[in-house]
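Visitor: I am new to reading protein models. Could you walk me through one, feature by feature?

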Amino acid sequence: MAIEKIIVLDDQPVIRKHLTEIFQRKNLLVAQADGLAKAKELVDKDDFDLICADVRLPDGDGSDMLEYCQLKSTPPLVAIMTAYASVESAVECMKKGAFDYIIKPFSDDQVDVLLKKAADFHQLVKVNQHLNQGSHSDTDQEILGNSPPIQKLNDLIRKVARTQATVLIQGESGTGKELVARSIFRNSTRSRQPFITVNCAAIPENLVESEFFGHEKGSFTGAVSRREGRFELAHNGTILLDEISEISPVVQSKLLRVLQERELERVGGSRTIKVDTRVIATTNRDLEQSVEKKEFRQDLFFRLNVVPIYVPTLRERKSDIALLAETFMQRYAKKHGCPVCGFAKSSLEALGKHSWPGNIRELQNVVERAVILTPEGGYIEPELLGLPHSQVPLGQIHIPLTRKSQASEVSPSAVVEMPIRGDSPMVSSPTASTLDKNDQILPLDELEKQHILSTLQAFEQNRTRTAKHLGISIRTLRNKLNEYQKSAEC
Ligand SMILES: Nc1ncnc2c1ncn2[C@@H]1O[C@H](COP(=O)(O)OP(=O)(O)OP(=O)(O)O)[C@@H](O)[C@H]1O
Ligand SMILES: [Mg+2]
């Protein structure tokens, strides 16, 4: 991500002039400041990427800019120029947050090195900010399965990963398309560079362009500062365009240009920015059909479909179900602190018979819920899977409150004793039903909410004891209760 705007901060006019000329020859925008006051004024007015600051200035110390800039939402990088090649002053500045220092007098080459370092650093900061914003899923898992379709898929991933080719991953929802994309990235030569994802379906229509290509300050209402788009963040790395079928015709044509020319302009900007980004796209719609229906540009489809990868449904790889279920069981038992013994034989049969319209994501959810509902050390029984034909026909499946539930702590009105089928011990506890009033399986969130509220009731609204009993912090409990209250108010 290139450096575009620079402040040269030095009280000596010759140094300012010399450095400004070097930067201008490289087509950079340069502002000059002869002291801290002027530099601060510039920083207040505009977004700069880099400040080259002298250490000793008439009105203070160049490294003071470091502290001052931290107040900005996107602080510029500060490089310290020092004529006093003392290690101490450089170390002091680095401690305060300078990203580099250069010793005066410097050559063109030294400035080039500085700019390259600053560009890399700048990109790292932006990518980091981007990654910290989003919810980043657990999709760095390995691709599990030994079935022939999965072996074929893994072979193809290995082959294509080594190339720079654009890849279009197609498959039903929940089959693991994102996982495949990440696996290609991890096995590619770009694996140490950024991997940036864009969920095309999740971005509001009016913001898509700016998300993809970035915008200049003031280019539309709300564009309070310059922002790099995801293609720029992914420069030298890989971009995942998730659910590509969802982008509008306008963005389709702009995307085509990036794929063809590898260059773009930010919204409201006139400068052409070169990007070297590998593109991986996913879709759970049949893109060829979308092309036939004129919903998707054919030329863009061809650009994306250089290497098509089809991710098989779980129905096509039923022999993997037991392995996947077993792995998820272990993962969730550990995550939730719910040790279970394994699947009852009839449960494995039920898993094998189900058609899995939601594919692996559905299997994951089914196993997670079953692990939570299974009594400690017990086998997962088919009715806890909540699959058609394996449900308990009516009402109440009862959940043990915690592993080490002390019935004596629970008020008698909340205790309902019910035997749990299978090898599990009998457990007494407050209960929550896994089914709603229409006998539909409750989502996990709702089940958790019921469980928390009934436990709170059992402890007569005593939050400290409730939290302790549930094995969560009081803060978590408080947050959850606030959330419930908020959604009740909506
Ligand atoms: N072969 C696999 N081994 C292990 N986990 C898998 C496998 N395939 C998918 N998963 C898991 O299933 C979940 C769904 O996968 P992913 O998000 O990649 O699916 P998707 O095809 O992108 O779905 P969607 O179309 O809904 O976005 C993820 O949590 C992923 O880790
Ligand atoms: Mg996906």
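Visitor: Which helix holds K126?

Guide: Helices are DSSP runs of H or I with at least four residues, strands are runs of E with at least two, and both are numbered from the N terminus. K126 is found in α5, which covers residues 108–133.

Visitor: What should I know about the model itself?

Guide: It is a predicted model: local features need pLDDT of at least 70, side-chain atom pairs count only at pLDDT 80 or more, and totals for chains, interfaces and linings use all residues. Residues are numbered from 1 along each chain as its sequence is written, chains are lettered from A and ligands numbered from 1 in the order in which they are written, and side-chain values use heavy atoms, leaving out hydrogens and water.

Visitor: Is K126 buried or exposed?

Guide: Buried means under 20% relative accessible area, exposed over 50%, and partly exposed in between, with a 1.4 Å probe and protein chains only. K126 has 11%, so it is buried. Its C-alpha atom is 9.7 Å from that of E232, a residue 106 positions away along the chain.

Visitor: Where is E4 found?

Guide: E4 is in the segment before β1 (5–9). It counts as buried because its relative accessibility is 10%.

Visitor: Which side chains make polar contacts with the side chain of E4?

Guide: A polar contact is a pair of N or O atoms within 3.5 Å; within protein, one must be able to donate a hydrogen and the other to accept it, and residues adjacent in sequence count only if both atoms are side-chain atoms. The E4 side chain makes one with the side chain of R226, at 3.4 Å. Another, of 2.6 Å, joins E4 to the side chain of R271.

Visitor: What else does E4 touch?

Guide: Contact means heavy atoms within 4.5 Å. Leaving out residues up to four places away in sequence, E4 touches residues including L28, L29, D49 and R266.

Visitor: How many residues surround ligand 1?

Guide: A residue counts if one of its heavy atoms lies within 4 Å. For ligand 1 there are 20, and L144, S173, G174, K177 and R361 are the closest. A polar side-chain atom of R361 lies 2.9 Å from a ligand 1 oxygen atom. For Q364, a polar side-chain atom is 3.0 Å from an oxygen atom of ligand 1.

Visitor: Which domains does ligand 1 lie between?

Guide: Domain bounds come from an automatic or database domain assignment. Domain 2 (148–312) and domain 3 (314–391) both give residues to the shell, so ligand 1 lies between them.
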